[in-house]
There are 4 protein chains.
Amino acid sequence: MNLEGVFPPIPTPFSGDSIDHTSLAANVSRWMQTRLAGLVVLGSNGEAPLLEDGEADAVIETVRAHVPRNRTLIGGVGRESTAGTIAAAKRAARIGVDVALVRTPSFYKNVMTSDAFVRYYTAVADASPVPVLLYNVSMFTGVNLMPEAVERLASHPNIIGMKESNADLVQLAETIARTPEHFVVFGGSAPTFYHALCAGADGGVLAISGVIPDICVEMFELVRKQRHAEALALQRRITPLGRLLGAMHGVAGLKYALDQIGFVGGPTRAPLGTVPPEAQKQIREQLAALGTLATK
Amino acid sequence: MNLEGVFPPIPTPFSGDSIDHTSLAANVSRWMQTRLAGLVVLGSNGEAPLLEDGEADAVIETVRAHVPRNRTLIGGVGRESTAGTIAAAKRAARIGVDVALVRTPSFYKNVMTSDAFVRYYTAVADASPVPVLLYNVSMFTGVNLMPEAVERLASHPNIIGMKESNADLVQLAETIARTPEHFVVFGGSAPTFYHALCAGADGGVLAISGVIPDICVEMFELVRKQRHAEALALQRRITPLGRLLGAMHGVAGLKYALDQIGFVGGPTRAPLGTVPPEAQKQIREQLAALGTLATK
Amino acid sequence: MNLEGVFPPIPTPFSGDSIDHTSLAANVSRWMQTRLAGLVVLGSNGEAPLLEDGEADAVIETVRAHVPRNRTLIGGVGRESTAGTIAAAKRAARIGVDVALVRTPSFYKNVMTSDAFVRYYTAVADASPVPVLLYNVSMFTGVNLMPEAVERLASHPNIIGMKESNADLVQLAETIARTPEHFVVFGGSAPTFYHALCAGADGGVLAISGVIPDICVEMFELVRKQRHAEALALQRRITPLGRLLGAMHGVAGLKYALDQIGFVGGPTRAPLGTVPPEAQKQIREQLAALGTLATK
Amino acid sequence: MNLEGVFPPIPTPFSGDSIDHTSLAANVSRWMQTRLAGLVVLGSNGEAPLLEDGEADAVIETVRAHVPRNRTLIGGVGRESTAGTIAAAKRAARIGVDVALVRTPSFYKNVMTSDAFVRYYTAVADASPVPVLLYNVSMFTGVNLMPEAVERLASHPNIIGMKESNADLVQLAETIARTPEHFVVFGGSAPTFYHALCAGADGGVLAISGVIPDICVEMFELVRKQRHAEALALQRRITPLGRLLGAMHGVAGLKYALDQIGFVGGPTRAPLGTVPPEAQKQIREQLAALGTLATK
């Protein structure tokens, strides 16, 4: 199973109240023609918290049908309750994900200590039929999975790595330093992707890699070849788009960008909304600056 | 419908993996013998985010059967998606809640602006068969429903009020000042209950009121009678317990306290855990200081 | 020495690069014709951190000359170093302040623990010829003097009380509950003045009380008389101005407001600037709404 | 003037209430035997906020006497008032600093906007006889000098660069991207020094470089030679000490470490305290792990 390189966390296209499986399949097939290492389905960018369980299962089924077995399919299964997460992991594994991506539970923030996270992830990893990838994204969860907890979890045989979407490079570097070589760490923040690779990350799970896969893969490879100056220059080119599709406009921004370049982004599900006109203009400008609008 | 006074947000007792409906019914019957104005079911203290939809419906059914019609039953129905919340509100109304308590959606924090909240609550209130109570609890959600949004929402005919669980008195006071007289505002933070009443709150939704209902109701009435010095003295007596069962130990603390005084608290559902031994001691000490252990 | 009631933290008028002692004296004389309990000189609103030591001494001298002995003159003497604070306290006492107001040192935030604050204030109080008033203002200092530290300090014979300028009512209430009856606690945040009085505060040190002394004194007295509804109504009237002259525009706002009603506010010292035109309009509107512009 | 490489922000040794100039001179002479590019005097680690103006001037004089003209002497001159900073810059220039390091003023945090910072630094740079280095250190100041402000200031002919002590790599990368090639950016956080160099920083101002100058210079040179793997390995070795002497124990930690290796650290000035015994042990362990204790 390949766990190095760049993975896009893909959005879920909707048609009215339903999932648009035809467009989802078309998107996936097109991504599979690039050098992306695989896909992440039902992550934050997949609007997973807004889907019903049956919808989530159907999404995985459609995506798996179009991701060849030599690419890695990572599927989000995190729920607030331990039992809910385990049930989702079992269903996802049966349908065919290679790896279960498990977001930190976060509602009861005041009691989500490192000990609580270790208990939670241990229970999930014990029960999951497929390997578990930890997932820390404080921007959405408001909690933080600290390096000391990750260090303890890294020794579990069914926990293979972590997606660290926070932009805190100090914490990322410490997590990498405190976990074994084989423990995979993905950077999940586009504006710090180059910096995460410098710090020793094994790859990236980046929303913008669904929009500009070649550039993201190229940056990854430049760092591998120790061509840092070129990689940093690329990072500077992609940072503005990374921000627009990340902290600033999130899923709606990602969907809007995909719509501009021939993928199907489509509408978000409420309460998510749309991208304001001024931001649409900024996104199109960045796409043009990156040479991506030409592919339309 | 009575919306003044004190309401306990009740916990959900479990027996193994299932809900313990017998104990739930017994607890409710006992609370109904006090001067509590009603109950809140499926709030944060009800572990609502950890329940399946079917479980949630069953909880409401059991509780409704034991809450007389002249007491107000408020039921939590918030989900992350607008559609999910509306569906839950319809089910809860059919089963018999008098008021739908709707927590702010919070996963996509970066785009949860006041405009987004106004759109969300308007859609929910338009569709809900029963009146809607806004619910702001930043300690758990990491987002904040600002007075300017509440002011706009207060004119909706199906939005009757708000449960403000934040301890920020400046914000609470502004919310009250910017909404009409008939708009109900509940304080939801025990350590600031007296202060919220001073600021003009109409009542409280307080976890500790399930444990010390008489004291909480007494404080409410003292303020009504302008006997502030006595009310403040009572507040000081209950603040330590309020903290222990609130920010410090949350649901596990509340359940532990109930177990000490003859209600059924029981275990929490994972990933929630238990109260550390030292905190158990502190809770028992506070219960003793409040004269509650004698009721066991 | 009177330490109950309302004290304005007065600004320092400048003329070019120098202190305008004539205007300072005129302002003070006028304030002394109201029912204000005294004055605070060289607080945050006095631009104390922007003055040289010699300037600060001269300011105290001018003010003392116009504050009769039966009113209390509180003077700010906080510096970053313990030795600097002690030296300033000795000078201020010699010139004639009744009480030394000592802000938390705050530059080395990471080591400013409760123990460090207790050591600091103990050393200052041991050496100060006049009683010490603790001063917590996290909005400016970025550190927080916690109730547990205040509790320890309250037993020092030369520490008479605290000015708590944070708006956190929970913390204020805890500070009051953990300190003896004779320990004076002033609220220092205008938007929560009524709430602080409800919580048991002995008075207020409020920037707006230099602008609307009668209203502030009236609110204080209404609470003393248990006429809470009227006090709360007054609070609502003054909150907008309190915000404009507090967190929003600070010293520049206060000086602008004073200029509108016949006191001398005048320019701030750089790097402080001026109030934007739109905010000037808002301040004038609030002054008019409070009936203060008529006094011009 | 050399502005590339590694500069230690040196502490100020005290003997009782006075500055120990003999030890200061001895320390400086010893640092000048290493490959450090120069020194920073009167930075945060120099306890500058705790010194009187006369003391500060004397410190610069002693240090300048022992720093050869071909090494760069950077001197901290930041005060809260614009006029105070300008006066300090003029004195420091006259005594002999090559560059004036100017910390953001920070007391009146609520009005320290980008516009305010641009006005402040422009006034200081207009008046300073020597080039100005901006200095951002939110951990101590609680304010943040944003890239958009730095971009505007970078065009001033007397502003040559910036010391960015925050650990936020995203912000550092943006600052570098928005400023001209000749604008010097120093990283000021030891745990992110390698990451800052990757992001394009020109050097570092690191407290630990006074303790382990050779290792810090070596890391700087490794990155210059594109030997990233070795540089990252070195970073991991120094991060624990960087934390102990930075966010955890600050100046007291730095002074303790220097005392262990034959420099004179000595006591801090109150309200700063000492390093707890357990932390002393951790510091000694890290020094031993880095081979530095052998130099004693």
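Visitor: How much area do chain C and chain D bury between them?

Guide: This is a predicted model, and the area is computed from its atoms. The contact draws 33 residues from chain C and 33 residues from chain D. Of the area lost on both sides, 64% lies on carbon and sulfur atoms, and the amount that chain C and chain D bury between them is about 2,600 Å².

Visitor: Which elements of chain C give two or more residues to the side that touches chain D?

Guide: The side of chain C that touches chain D divides into 17 nonpolar, 11 polar and five charged residues. The elements of chain C that supply two or more residues to this side are α4 (114–127), α5 (138–141), α10 (228–248) and α11 (250–260).

Visitor: How many salt bridges does the rule find across the interface of chain C and chain D?

Guide: Polar contacts do occur between chain C and chain D, with 10 residue pairs counted where both residues have pLDDT 80 or more. A salt bridge, however, needs a side-chain nitrogen of Lys or Arg within 4 Å of a carboxyl oxygen of Asp or Glu. Across the interface of chain C and chain D, the number found by that rule is zero.

Visitor: What rotation superposes chain C on chain B?

Guide: Two copies of a chain are related by a rotation about an axis and a shift along it. For chain C and chain B, the superposition has an RMSD of 0.0 Å and a shift of 0.1 Å along the axis, with a rotation of 180°. The two copies are thus related as by an axis that is two-fold.

Visitor: How far apart are the nearest C-alpha atoms of chain A and chain C?

Guide: Contact would require heavy atoms within 4.5 Å. Chain B and chain D do not touch, their nearest C-alpha atoms being 18 Å apart. Chain A and chain C do not touch either, and the separation of their nearest C-alpha atoms is 18 Å.

Visitor: How many residues apart in sequence are the parts that Glu4(B) and Arg224(B) tie together?

Guide: The side chains of Glu4(B) and Arg224(B) form a salt bridge, with N to O at 2.6 Å. Glu4(B) belongs to the segment before β1 (5–7) of chain B, whereas Arg224(B) belongs to helix α9 (residues 213–224), so the distance in sequence between the parts joined is 220 residues.

Visitor: Are Lys255(C) and Glu47(C) buried or exposed?

Guide: Lys255(C) and Glu47(C) form a salt bridge whose closest N and O atoms are 2.6 Å apart. This pair links helix α11 of chain C, which holds Lys255(C), to the loop between β4 (38–41) and α2 (53–66), which holds Glu47(C), the two residues being 208 residues apart. Both Lys255(C) and Glu47(C) are buried.

Methods
Residues numbered from 1 in each chain as written. Chains lettered and ligands numbered in written order. Predicted model: local features only at pLDDT ≥ 70, side-chain atom pairs only at ≥ 80, totals over all residues. Heavy atoms only, no water. Least-squares fit on C-alpha atoms with pLDDT ≥ 70 in both. Buried area = accessible area lost by both parts, 1.4 Å probe. Polar contact = N/O pair within 3.5 Å; in protein donor to acceptor, adjacent residues only side chain to side chain. Helix = DSSP H or I, 4+ residues; strand = E, 2+ residues; numbered from the N terminus. Nonpolar A, V, L, I, M, F, W, Y, C, P; charged D, E, K, R; others polar. Buried < 20%, exposed > 50% of the residue type's maximum accessible area, 1.4 Å probe, protein only.
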